[in-house]
Amino acid sequence: CAGTPINLSANITGGNGGPYQYRWQSYPPHFNSTQSNPMDTPLVSTTYFIFSQSGGCVDSSSVQVIVDNTASSSFVIQPDTSCQTDLISISYLGNTGDTSNFTWKYSGANVLAGKGRGPFTLSYPKPGYDTVTLNVTNPDGCNSTTTKEVYVVPAPNDTFTAVPRQGCEPLTVDFTAPAASGATYNWSFGDGGTSNTQDPNHTYLNGIYNVSLTVTTSNGQCS
């Protein structure tokens, strides 16, 4: 497989019995050595030439090393930072064919759709950092592994209290929302009134009103 180390060995006899001089070359031309037993990591099929010298005599030989097709495990996570309620898409970017073996590993994810090369749709029920790993082994036995990280942002707490819930008009109601570092608050009081403070108060006239609160996390993504 591409990038697998190989050992080259020259067994020289004859001539004046040594010492022998060695000169290795390759085609495609990426390798040179004067050692008797050098090492290389070819990325493509390569022919190696060995030139040996003893006294004034020179001999040569060659050997071909076949490099099998490379496996690719490249993929993309979209988005790689998401909210607990979001769906995450994973798409394979490599050119390895369907006859290869694709092994995906997800720590903490629910796989909603996808198989083989993908694409996949995932959801993460718990916040925090998780990893996605893909190992691809092609029919030649060459493999590649890629691991990427995904971060799931904790969902903000948007429960709140209102005191009092009823009374005579004009009725001033105190609203209290859970504290969240760096979060923003958007209140809609049901009568056209709004507020961006965490714990506002609002005065109502006669009627029944539906109040809503949207809390957005400090990274501006989850609400």
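Residues are numbered from 1 along each chain as its sequence is written, and side-chain values use heavy atoms, with hydrogens and water left out. Since the model is a prediction, local features need pLDDT of at least 70 and side-chain atom pairs count only at pLDDT 80 or more, while totals for chains, interfaces and linings use all residues.

Strands here are DSSP runs of E with at least two residues, helices are runs of H or I with at least four, and both are numbered from the N terminus. Two strands count as paired if DSSP finds at least two bridges between them. As a general point, strands of a sheet pair through backbone hydrogen bonds, either parallel or antiparallel.

Going across this sheet, strand 2 (residues 21-27) is joined to strand 3 by two bridges, and Trp24 has Ser33 as its bridge partner there. Strand 2 is also joined to strand 5 (residues 46-54), this time by seven bridges and again antiparallel; Tyr27 stands opposite Thr47 in that pairing. Strand 5 then pairs with strand 6 over nine bridges, in the antiparallel sense, with Ile50 opposite Ser61. The hairpin of strand 5 and strand 6 has two residues between the strands, and in it Gly55 takes a positive phi near 65°. For context, most residues other than glycine have a negative phi, and most peptide bonds are trans.

Ser54 belongs to strand 5. With a relative accessible area of 7%, Ser54 is buried, where buried means under 20% relative accessible area, exposed means over 50%, and partly exposed lies in between (1.4 Å probe, protein chains only). Ser54 and Thr34 are 20 residues apart along the chain, and their C-alpha atoms are separated by 14 Å.

The other sheet has three strands, in the order 18-17-20, and is likewise described as open with antiparallel pairing. Strand 18 (194-195) and strand 20 (212-216) each have a single partner strand, so one side of each is left without a neighbour in the sheet. Strand 17 (residues 184-188) pairs with strand 20 over five antiparallel bridges. One of the residue pairs in question is Tyr185 and its bridge partner Val215 in strand 20.

Next come the cysteines. A search of the whole structure turns up one disulfide, defined as a pair of cysteine sulfur atoms within 2.5 Å. Cys1 and Cys142 form this link, with their sulfur atoms 2.0 Å apart. The link is left-handed, at -100° about the S-S bond. It ties together distant parts of the chain, 141 residues apart: Cys1 lies in the segment before strand 1 (6-7), and Cys142 in the loop between strand 13 (128-137) and strand 14 (143-153). Cys1 is partly exposed at 33% relative accessibility, whereas Cys142 is buried at 3%. Cys168, at 69% relative accessibility, counts as exposed.

Two cis peptide bonds can be described as well. The bond from Gln78 to Pro79 is cis, with omega near -15°, and Pro79 falls in the loop between strand 7 (75-78) and strand 8 (81-83). The bond from Gly118 to Pro119 is cis too, with omega near 5°; Pro119 is in the loop between strand 11 (110-113) and strand 12 (120-123).

That leaves the largest pocket, which has a volume of about 420 Å³. On a 1 Å grid over the protein atoms alone, a pocket is an open set of points where a 1.4 Å probe fits, with protein on both sides within 12 Å along at least five of seven lines, and lining residues have an atom within 4 Å of a point. The volume is the space filled by probe spheres set on the points, which are joined across faces, edges and corners. The lining has 20 residues, and Arg165, Gln166, Val173, Tyr204 and Tyr209 lie nearest the centre. Strand 15 (161-163) and strand 16 (171-176) each supply at least two lining residues, with the largest share, three residues, coming from strand 16. By class, 12 lining residues are nonpolar, six polar and two charged. Here Ala, Val, Leu, Ile, Met, Phe, Trp, Tyr, Cys and Pro count as nonpolar, Asp, Glu, Lys and Arg as charged, and the others, Gly among them, as polar.
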